[in-house]
Amino acid sequence: MNFVFLGLSLFAGFMLANQNPINADMKKVVGSPFISAAISFLVGSVFLAIVSAVKSHQVFPTMTFIQSNPAWIWLGGVLGAIYLTSNVLLFPRLGAIQTVVLPILGQILMGTLIDTFGWFGSQPIPLTALRVIGVIILIAGVVVAVVLPNVLNKDVEAMDKAIQAKETHTELLGWRVWAIIAGAFSAMQQAINGRLGALLHAPAQGSFISFFVGFILITIVALIVDKRLPKMSELKQAKSWNWLGGILGGLFVFASVLSVPQIGAGLTITMGLIGQIVGSMLVQQFGWWRSAKISVSRIQILGVVVMAAGVVFIKFL
């Protein structure tokens, strides 16, 4: 049965990789990453509310459930909104490479800590030498799959240096630390959402609650930053597939809520990362969702293979 949830987490990451270019295209339509994200969260919330109503005949939790559980159980959506907002803020300060890699590092490390100490109601998993080796191999795979191709791309490297030159060393250090913390928040979000779904005995309902909280917060951010709502004339210009971003995001959260109680936060996050990297490679290779076509390199494929080897060490040895 574990193989089913490993595959589900992998597929969830693939869906998230497709959500990113869809939301990026919607950003071009509405002129704001925050408004685009709010639309995505709204669509995902409606989708998950329908799934929850069909499966458990209930969307919002009862007052008894709210009063009998700790406050941190509702933080999944909050942390997700912080992570999403952080990514928007990090890119113009750290550049492409560090904006991707540092949050991934935070996700991997926090996922390992959550499993080791049994945080957020998870089952503790001993931190053996093989698990440590697996985590190191996994990080090495990320470096090979994500960092090396971008370092070898002189245009990306030059762009990142130009971006970072605008910040002081102290500011850069602060943003780098925050990037790792933001990644840790993403890992915590998945663990908390998994626990919420388990307590409710309704993964779809837990997913909806997390997504709905995220929708409220990101909408507030959009109103503060952009001081407006999307115009109807803008929305009419959107392609039909521009609305799929929220559904794919909702499916990602739903898959994570199902998988975390079964295989742990660490493996759920890890398989999701592999799926996201593979999905991003395919999106670039074929130019899906009007994204730029970039051929997949052998180095990227090698990096994914190394990451898979890390999973073998963590889970099966």
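## Helix packing and nonpolar cores

Helix α8, residues 169–200, packs against helix α9, residues 203–226, at an angle of about 135°, and the two axes are 7 Å apart. The model described here is a predicted one. Angles from 65 to 115 degrees count as roughly perpendicular and those over 145 as roughly antiparallel; α8 and α9 are therefore oblique to each other. The crossing of α8 past α9 is right-handed. On the α8 side the contact is made by Q189, N193, L196, G197 and L200, and on the α9 side by P203, Q205, G206, I209 and S210. Sorted by class, the residues of this contact of α8 with α9 are 4 nonpolar, 6 polar and no charged.

Helix α8 also packs against α11, here at an angle of about 110° and with the axes 8 Å apart. Because angles of 65 to 115 degrees count as roughly perpendicular, α8 and α11 are described as roughly perpendicular to each other. From α8, the residues A187, Q190, A191, N193, G194, G197 and A198 take part in the contact. Their partners in α11 are F252, V253, S256, V257, V260, P261, A265, T268 and I269. This contact of α8 with α11 has 10 nonpolar, 6 polar and no charged residues.

A further pair is α1 with α11, whose axes come within 3 Å and cross at roughly 35°. The contact of α1 with α11 has 23 nonpolar and 17 polar residues, and no charged ones. The table sets the helix pairs side by side.

| Helix pair | Angle between axes | Axis separation |
|---|---|---|
| α8 and α9 | about 135° | 7 Å apart |
| α8 and α11 | about 110° | 8 Å apart |
| α1 and α11 | roughly 35° | within 3 Å |

The next topic is the nonpolar cores. The largest nonpolar core has 39 residues, and V30, I39 and L196 have the most contacts inside it. At least two residues of this core come from each of α1 (2–30), α2 (33–56), α8, α9 and α11 (244–286). Helix α2 gives the most to this core, with 10 residues. Leaving out residues up to four places away in sequence, V30 touches I35, S36, I39, R228, P230, E234 and L235. There is also a second, separate core of 37 residues, and V135, A191, L273 and M307 are included in this second core. A191 is also one of the α8 residues in the contact with α11.

Two single residues can be looked at in the same terms. I247 is part of helix α11. Apart from neighbours within four places in sequence, I247 is in contact with V43, G44 and F47. I247 and F41 are 206 residues apart along the chain, and their C-alpha atoms are separated by 8.6 Å.

V306 belongs to helix α12, residues 298–316. With 22% relative accessibility, V306 also counts as partly exposed. Not counting residues up to four places away in sequence, V306 touches I137, A140 and G141. The C-alpha atoms of V306 and N242 are separated by 34 Å, and these two residues are 64 apart along the chain.

Note on methods. Residues are numbered from 1 along each chain as its sequence is written. This is a predicted model: local features need pLDDT of at least 70, side-chain atom pairs count only at pLDDT 80 or more; totals for chains, interfaces and linings use all residues. Side-chain values use heavy atoms; hydrogens and water are left out. Axes are lines fitted to C-alpha atoms, for helices over the stretch in contact, and angles run from 0 to 180 degrees between N-to-C directions. Helices (H or I, at least four residues) and strands (E, at least two) are DSSP runs, numbered from the N terminus. Angles under 35 degrees count as roughly parallel, over 145 as roughly antiparallel, 65 to 115 as roughly perpendicular and the rest as oblique. A crossing is left-handed if the near helix is turned anticlockwise from the far one by less than a right angle, and right-handed if clockwise. Contact means heavy atoms within 4.5 Å. Ala, Val, Leu, Ile, Met, Phe, Trp, Tyr, Cys and Pro count as nonpolar, Asp, Glu, Lys and Arg as charged, and the others, Gly among them, as polar. A nonpolar core is a set of buried Ala, Val, Leu, Ile, Met, Phe, Trp, Tyr and Cys residues joined through side-chain atoms within 4.5 Å. Buried means under 20% relative accessible area, exposed over 50%, partly exposed in between (1.4 Å probe, protein chains only).
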